[in-house]
Amino acid sequence: MENPIKQQAEELLENGEVEALYELLSPYLEKNDPYAQFLYSSFSLESTGETEEEFEVRSMKLLETASEGGIAEASYRLGVIYLYGDFADNVSKSSSDYFERAITQGHSHSKFTYGFNLYYGFGDVKQDKTRGVMLLEEAAKEGVASAVEELKIIYAK
């Protein structure tokens with residue numbers, strides 16, 4: 001998907017104009033464009049009569065496909081979903097896998113979130129303070145303010 005189309009799509013989503021957004025995304029969805037799939041994972045159309053459960057199933061499938069297609073934000077969202085158990089079978093997949101993928105795909109905030117969870121050992125993330133601090137430091141260097149603040153707390157101990 002070309003950048004001008006991405007920008008237009010993001011504006012439509014931000015403004016809640018999901019019918020127009022779906023129209024814009026349709027040709028890209030037919031081509032299995034990962035970014036279009038990522039965007040479509042975040043909304044439902046009233047006109048389809050899709051239930052909440054159907055939306056959740058579709059959203060997860062689209063996020064997985066977008067993640068596999070290189071969309072770092074989709075990988076990050078899946079990491080968060082599996083970490084906190086938001087409409088997902090938390091036993092079947094590991095949040096760590098998705099956070100690692102998002103980090104590989106260049107997602108700085110994943111370094112903060114995953115680093116934080118590694119440092120403290122949260123959810124399905126086994127504690128690893130050394131790697132946690134390393135990721136927090138990387139996130140701080142990349143401008144993630146939350147990482148800077150968390151490192152201040154850690155170093156003050």
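## Basis of the description

A residue is called buried when its relative accessible area is under 20%, exposed when over 50%, and partly exposed in between, using a 1.4 Å probe and protein chains only. By this criterion serine 75 counts as buried, because its relative accessibility is 0%.

The model is predicted, so that local features need pLDDT of at least 70 and side-chain atom pairs count only at pLDDT 80 or more, while totals for chains, interfaces and linings use all residues. Residues are numbered from 1 along each chain as its sequence is written, and side-chain values use heavy atoms, with hydrogens and water left out.

## Helix H5

Helices are DSSP runs (H or I, at least four residues), numbered from the N terminus. Helix H5 covers residues 72-84; its 13 residues reach 18 Å from the first C-alpha to the last, close to the expected 18 Å, where the expected span is 1.5 Å times one less than the number of residues. Glycine 85 follows H5 and has a positive phi, near 75°.

Ten of the 13 residues of H5 are buried, so this helix is largely enclosed by the rest of the structure. Among them are Ala72, Tyr76, Val80 and Leu83. The buried residues of H5 pack against helices H3 (34-40), H4 (52-68), H6 (95-104) and H7 (108-120), contact meaning heavy atoms within 4.5 Å.

## Serine 75

Serine 75 lies in helix H5. Leaving aside residues up to four places away in sequence, serine 75 touches Ser67, Tyr98, Arg101, Ala102 and Gln105. The side chains of serine 75 and glutamine 105 are joined by a polar contact of 2.6 Å. Such a contact is a pair of N or O atoms within 3.5 Å; within protein, one must be able to donate a hydrogen and the other to accept it, and residues adjacent in sequence count only if both atoms are side-chain atoms.

## Packing of H6 and H7

The axes of H6 and H7 come within 8 Å and cross at roughly 145°. Axes are lines fitted to C-alpha atoms, for helices over the stretch in contact, and angles run from 0 to 180 degrees between N-to-C directions. On the H6 side, Ser96, Phe99, Glu100, Ala102 and Ile103 meet Ser110, Lys111, Thr113 and Tyr114 of H7.

## Alanine 147

Alanine 147 lies in helix H9 (residues 145-156) and, at 0% relative accessibility, counts as buried. Not counting residues up to four places away in sequence, alanine 147 touches Phe112, Leu136, Ala139 and Ala140. The C-alpha atoms of alanine 147 and threonine 113 are separated by 8.6 Å, although these residues are 34 residues apart along the chain.

Note on methods
Helices (H or I, at least four residues) and strands (E, at least two) are DSSP runs, numbered from the N terminus.
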